[in-house]
Amino acid sequence: MPGIIHVADTFAAFLDDLQTRRAPALYQLSKLRNGFEGWLKIELYLWLTERYQLQPQTDVGVEYKVWLDQRRGQMDRETKQCDLWVRDAAGHGYHYIELKVPFANNNRGKLFLSASDDFWYMSRLLAVDQSAASGSAILVGAGFDEHDWTRAIDDAVAYAGNDPAMVQLRVGSLKLEEAPTLQWAVMTKRYAPQPGA
């Protein structure tokens, strides 16, 4: 079945390819002081369609309203708009993904709180009704050192309050010549069984 298995592994492969094909663009992005989330969403979407031969609006798409599990405490809405969705190759439905691009500027606290909220919601999808394989928050940060980035990601995972056995976390960085490093993280709540589990 066309699709992907692991959101984090797929995103890491996307970044490797991006670093090879679009190094000058990454250099320019690392110097920005505010958002390039829209660019990242479209770049990832196009890469997924090409790399995995996915059919738009059947296997992969952007901007999708997911239903949230109302049995969860503190739920304040019925739905959440996610940035990207992609079919699960193992046949367990879809991976729903939120993207955030925090910057090490005066708004960093607000941006990380928003990213934490995104992962909290993506961890509370009404999984059965919309065939959720997983819910993820992908973050790409500009201007952060490794220590501050890791601490912020750990806080976001703790804030979501998931069973650690159901969460996949992958953190990395893109080192660019003569430009600040771009940090990245993928936080995933698994809803469907994983291959080999």
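**Close-up views of a predicted model**

**View 1. Strands β2 and β3 pair in the antiparallel sense.** In this predicted model, β2 and strand β3 (residues 94-100) are joined in the antiparallel sense over 4 bridges. The hairpin of β2 and β3 has 6 residues between the strands. Within this hairpin, Gly-91 takes a positive phi near 85°.

**View 2. Strand β2 also pairs with β1.** The sense is again antiparallel, and β1 and β2 share 7 bridges. Val-60 has Val-86 in β2 as its bridge partner. When tracing side chains here, keep one general point in mind. In a regular strand, side chains alternate between the two faces of the sheet.

**View 3. Tyr-64 and Tyr-96 stack across two strands.** Their ring centres are 5.6 Å apart, with 15° between the planes, and the aromatic pair is stacked. Tyr-64 sits in strand β1 and Tyr-96 in strand β3, so the pair ties together parts that are 32 residues apart in sequence. Tyr-96 counts as buried because its relative accessibility is 2%, and the cut-off for buried is under 20%. Tyr-96 also pairs with Tyr-94. Those two rings have centres 6.4 Å apart and planes at 45°, so this pair is tilted.

**View 4. Helices α1 and α3 cross at about 100°.** Helix α1 spans residues 7-21 and helix α3 residues 37-51. Their axes lie 11 Å apart. The angle makes α1 roughly perpendicular to α3, because 65 to 115 degrees counts as roughly perpendicular. On the α1 side, the contact residues are Thr-10, Phe-11, Ala-13, Phe-14, Asp-17, Leu-18 and Arg-21. On the α3 side, they are Trp-39, Leu-40, Glu-43, Leu-44, Trp-47, Leu-48 and Arg-51. By class, this contact has 9 nonpolar, 1 polar and 4 charged residues.

**View 5. Five aromatic residues form one cluster.** Which residues make up this aromatic cluster? They are Phe-11, Phe-14, Trp-47, Tyr-52 and Trp-184. Phe-11 and Phe-14 belong to the α1 side of the helix contact, and Trp-47 to the α3 side. Across the whole structure, a search finds 12 aromatic pairs.

**View 6. Gln-53 and Glu-63 have positive phi values.** Neither residue is a glycine. Gln-53 has a phi of about 50°. Gln-53 lies in the loop between α3 and β1 (60-67). Its relative accessibility is 55%, so Gln-53 counts as exposed; the cut-off for exposed is over 50%. For Glu-63, phi is near 55°. Where does Glu-63 lie? Glu-63 is part of strand β1. At a relative accessible area of 36%, Glu-63 is partly exposed.

Terms used:
Residues are numbered from 1 along each chain as its sequence is written. This is a predicted model: local features need pLDDT of at least 70, side-chain atom pairs count only at pLDDT 80 or more; totals for chains, interfaces and linings use all residues. Side-chain values use heavy atoms; hydrogens and water are left out. Axes are lines fitted to C-alpha atoms, for helices over the stretch in contact, and angles run from 0 to 180 degrees between N-to-C directions. Angles under 35 degrees count as roughly parallel, over 145 as roughly antiparallel, 65 to 115 as roughly perpendicular and the rest as oblique. Contact means heavy atoms within 4.5 Å. Ala, Val, Leu, Ile, Met, Phe, Trp, Tyr, Cys and Pro count as nonpolar, Asp, Glu, Lys and Arg as charged, and the others, Gly among them, as polar. Buried means under 20% relative accessible area, exposed over 50%, partly exposed in between (1.4 Å probe, protein chains only). Two strands pair if DSSP finds at least two bridges between them. Rings of Phe, Tyr and Trp (its six-membered ring) pair if their centres lie within 6.5 Å; planes under 30 degrees apart count as stacked, over 60 as edge-to-face and the rest as tilted.
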